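Subject: Structure handover

Hello,

Here is the structure for you to take over. My notes on it follow below.

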Amino acid sequence: MRKPIVFTSEREMPPMAVSLADMSHNRTGSWRYMRPIYSEKIAPCKNACPLGNDIPRILSFVSEGRYEEAWRLFRQTSPLPGVCGRVCYHPCETRCNRKDFDEALSIASIERFVADACFDLEDEIPERPRRSEKIAIVGSGPAGLTCAYFLAKDGYAVTVFEAASQPGGMLRLGIPAYRLPREVLDREIELIARWGVEFRTNTKIGQDIDIEKLWEQYDALFVATGAHHSRALNIPGEELALTGLEFLKAVNAGQTVNIGKRTLIIGGGNTAMDCARTALRLGAQPIVVYRRTREEMPAIAEEIEEAEHEGTRFEFLAAPTAIYQRDGRLEVHCIRMQLGEPDKSGRRRPVPIPGSDFVMRADSVLKAVGEEPDLSFLSERLETSEGIVMERAQGLLERAGIFVGGDAQTGPSTVAQAMRSGREAAFAIMRFLRGERKPKAPQLDEALRVNFSYFAHKPRVKTPQLPVSERILGFAETKRALSADQARLEAQRCFSCGVCNNCDNCWVFCPDAAITRIDGTYKVNYDFCKGCGVCAEECPRSVISLVEEEL
Amino acid sequence: MTPTLTGTKKVVTGNHAVSYGAMLSRVQVISAYPITPQTQVVELLSEFCANGTLRAKFIKVESEHSAMAALIGAASAGARTFTATSAHGLALMHEMLHWAAGARLPIVMANVNRAMGPPWSVWTDQNDSLSQRDTGWMQIYCESNQEVLDTVIQAYRVAEKVFMPAMLVLDAFVLSHTAEQIEIPDQSVVDEYLPPYRPIYKLDPNDPRSFGGLAPPDVYMELRYKMHRAMEDALTEWARADEEFSELFGRRYGLIEPYRADDAKILLVTSGTVTSTAREVIDELQSEGRRVGLLKIRVFRPFPAQLVRETLQGVEKVAVIDRNISFGMGGIFAQEIKSALYNRHERPPIFGFVAGLGGRDITPKVIREIIEYTESHDEPEDLIWVGVKR
């Protein structure tokens, strides 16, 4: 800056307020005390997705009919979009900003549409260096499959051990076909196998092969054996009840299961709902007996609604106390419950009402009061309770190359959570093998501020459903796919929260023409930006942040 | 003295006379928003721009405030700029009028005098332009369509000399929509009279400067002093511009125009089209032997106080017709004349008449009544309402 010019008389002054010096050293941007910056935020849907699927960008592709690119983007974070599009409880939709405007996006049905539309596509497998280390994965459920996919992509030799005759774990054994058709699962497992993953089925750990031996032969182990051990009711006559999981496994394996007509299902979780809906399809009349009320049921709300819609009945505030066999039928003695003080889960504790005993008759009883992992195959030396290091960030059990994930680690959870655990395990294993530390992941702000003025109300697409009359005839998938037009229109409803989609608003609105647009990217010319914030205000999707200038 | 060249005779309305004046002045940027009774001014100019008669940029805007803002930008960049408006449009420009003057931009504007609402009116009176008296704009009140055209050209000449904006004013309908035969001068003569605009400072990427920045108290007052000095200089420049205009075009108007004022005992003061009617009445009265003369105020800002004082010297009574009202005080022209005379020993009584508001006709009969009232009263009241139904 030059020296200031001091006027001593009006005759030295110009007629108007104009600088007499050249002002190129100080353009108009010097007025600014707030600086707009382009900083993409994480969309709440993406943040809520256990896998962090890049939902806004995927929807942007779908909205333009670019389904293949959408599918390939899914596969960067998830090897099972066809599975997730059907069975995920879609926390993404719960967090969708659009819910505060009209209705959340139907993200799950779009994911399913993309997977279906790209059913015949395959991953492009690039030439990549093969790594010498071998990794064994025990269990081929969502955690094991996902772990295998990411390790194999990175060039590791992966062998997956599966006790059952086909890979898939709970996806195949537990989830009924009306929710997840087997050809979808088969196809996505096939795509994982194409990366060079070896599957050894009919190989049960602790029985057909020893964990200690695996540990000797492989450089790292991932234990993802799920939670298959059904919890007990601890009542007399319990042995007269079939476990829900056994029932589902048998039906899903195509075996004939005779449950008669009137079937009581004890429990209120997702297994209970699967049992009820499966029983219904076998011609039974399912009745769910649950000790609390509908509000406390741990099952996903949509599953409860579907079960009820199809004809399942509910007996709330009832708990079995004993089961007896009488005249070829079962008698389930129950006691009426009432809700007391909240327990540590926050749900109100069921308390028996003395003298309220009653009897329910049934042809069969299925108990589905929860599952837990069975890690008894781990040798004493690898006991999970002692001496196993927790990797803090992911809660993975880690000790000298043994990693435990999925339901085996957490107890029963969701498919997406298990997949996330599998992917985290894959990266933890890579770090373990390379002696690397876990990098600090950048924390992005969530895009919570949407300028609704830029959007028009548009109702959420209705996922087509098979009519109940047809559903109960068999195991055909109950949800139908969106049409391409429906999927595209639905994807166009996406606000693209936090992700610039080149709407040009900032560029158009800047009163100082201080924003340049070159090849679809915007830049603020701070020589002229006054920091007025109009760009940030008019950005419909909170991509632009205002930060204070440092003086 | 004879004009060196003659132009073309044409019958045009006052509004189109404005348009021709702007076209002949070779304006480079026009920005305007339509409002009755001004619309035809910019309609014809937009046609001139569209058909290539005038090589100017016509900027359509969403309000008069923006129109003036656009011209401030264009004039800052060194362009000769023009706009036209009326009444509420002018009022909406108010902030920008101050800016144009303070930035010393020689913008020229035509304002068609229209009464302010409410109640809605489209007819003439002067309150719209007189409300902008203190914005730093020169104001010139025109009497005829020829004077309108000529004043546009003169206004650029003076404005660009003293770097102050100028507003020429014409009565709604009486001039704006009334066609008269006028002479449209040849472009070559206008070019000889009006050279291209040469700004002292302009927005120029090769000579970057800041404009309109913050002026602390130690410099603000000097800039205001300079504006006032420029307005004083403008009195001389108007006289010179009028003189040179008459040499080239054969017409002159003066800053004020005394009409048959010699030996008058009573002098009637008018502005705008009332002047033409008053000329007829004065002719009649003088033929009756009455010593009544006329003074037309043409340039109102800068106010030609010295000329007014000289003209009123020796007059026994002054009657001022105001087609405007400053509520709570009276007619604005009367006030101006009173204050111009107050510091003189010799100062005739001033009769301030308010007449013709909202376009009510000021007929020869009305003017005769005004003169007769003045003749028959010795002490003027502060404000005399003419024709109010009571």
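B:L268 stands opposite B:L294 in strand β11 of chain B. Residue numbers start from 1 along each chain as its sequence is written, chains are lettered from A, and ligands are numbered from 1 in the order in which they are written. This is a predicted model: local features need pLDDT of at least 70, side-chain atom pairs count only at pLDDT 80 or more, and totals for chains, interfaces and linings use all residues.

Start with the strands around that pair. Strand β10 (residues 266-270) of chain B runs parallel to β11(B), with five bridges between them. Helices (H or I, at least four residues) and strands (E, at least two) are DSSP runs, numbered from the N terminus. Strands pair if DSSP finds at least two bridges between them. On the antiparallel side, strand β9 (residues 256-259) of chain B is joined to β11(B) by four bridges. There, B:I256 has B:I297 as its bridge partner.

β10(B), helix α9 (residues 274-287) of chain B and β11(B) form a right-handed β-α-β unit. Right-handed means that, with the strands pointing away from the viewer, the path from the first strand over the helix to the second runs clockwise.

How many residues of β11(B) are buried? Six of its six are. Buried means 20 or more other C-beta atoms within 10 Å of a residue's own; exposed means 12 or fewer, and partly exposed lies in between, with C-beta atoms placed from the backbone. B:V292, B:L294 and B:K296 point one way, while B:G293, B:L295 and B:I297 point the other. In a regular strand the side chains alternate between the two faces of the sheet.

Next, the cores. The largest nonpolar core has 124 residues, and B:L268, B:V269 and B:V318 are among those with the most contacts inside it. Helix α6 (residues 145-162) of chain B gives the most to this core, nine residues. Domain 1 (8-249) and domain 2 (256-385) of chain B each supply at least three residues to this core; the domain bounds come from an automatic or database domain assignment. A nonpolar core is a set of buried Ala, Val, Leu, Ile, Met, Phe, Trp, Tyr and Cys residues joined through C-beta atoms within 7 Å.

B:V269 is in contact with residues including B:L295, B:I297 and B:F333, leaving aside neighbours within four places in sequence. Contact means C-beta atoms, placed from the backbone, within 7 Å. A second, separate core has 104 residues, among them A:A108, A:A416, A:C535 and A:C539.

Chain B as a whole has twelve helices and 15 strands. Of its 390 residues, 50% count as buried.

Now chain A. Strand β19 (residues 515-518) and β20(A) run antiparallel, joined by four bridges. A:I518 stands opposite A:T521 in β20(A). The two strands make a hairpin with two residues between them, and A:D519 in the turn has a positive phi of about 50 degrees. Strand β20 (residues 521-524) of chain A has A:Y522 and A:V524 on its covered face, with A:T521 and A:K523 on the uncovered one.

Last, A:S545, in strand β21 (residues 544-548) of chain A. Is A:S545 buried or partly exposed? A:S545 is partly exposed because 17 other C-beta atoms lie within 10 Å. A:S545 and A:S39 are 506 residues apart in sequence, yet 6.4 Å apart in space, C-alpha to C-alpha. Not counting residues up to four places away in sequence, A:S545 touches A:I37, A:S39 and A:A536.

Best wishes

How values were computed
Contact = placed C-beta atoms within 7 Å.
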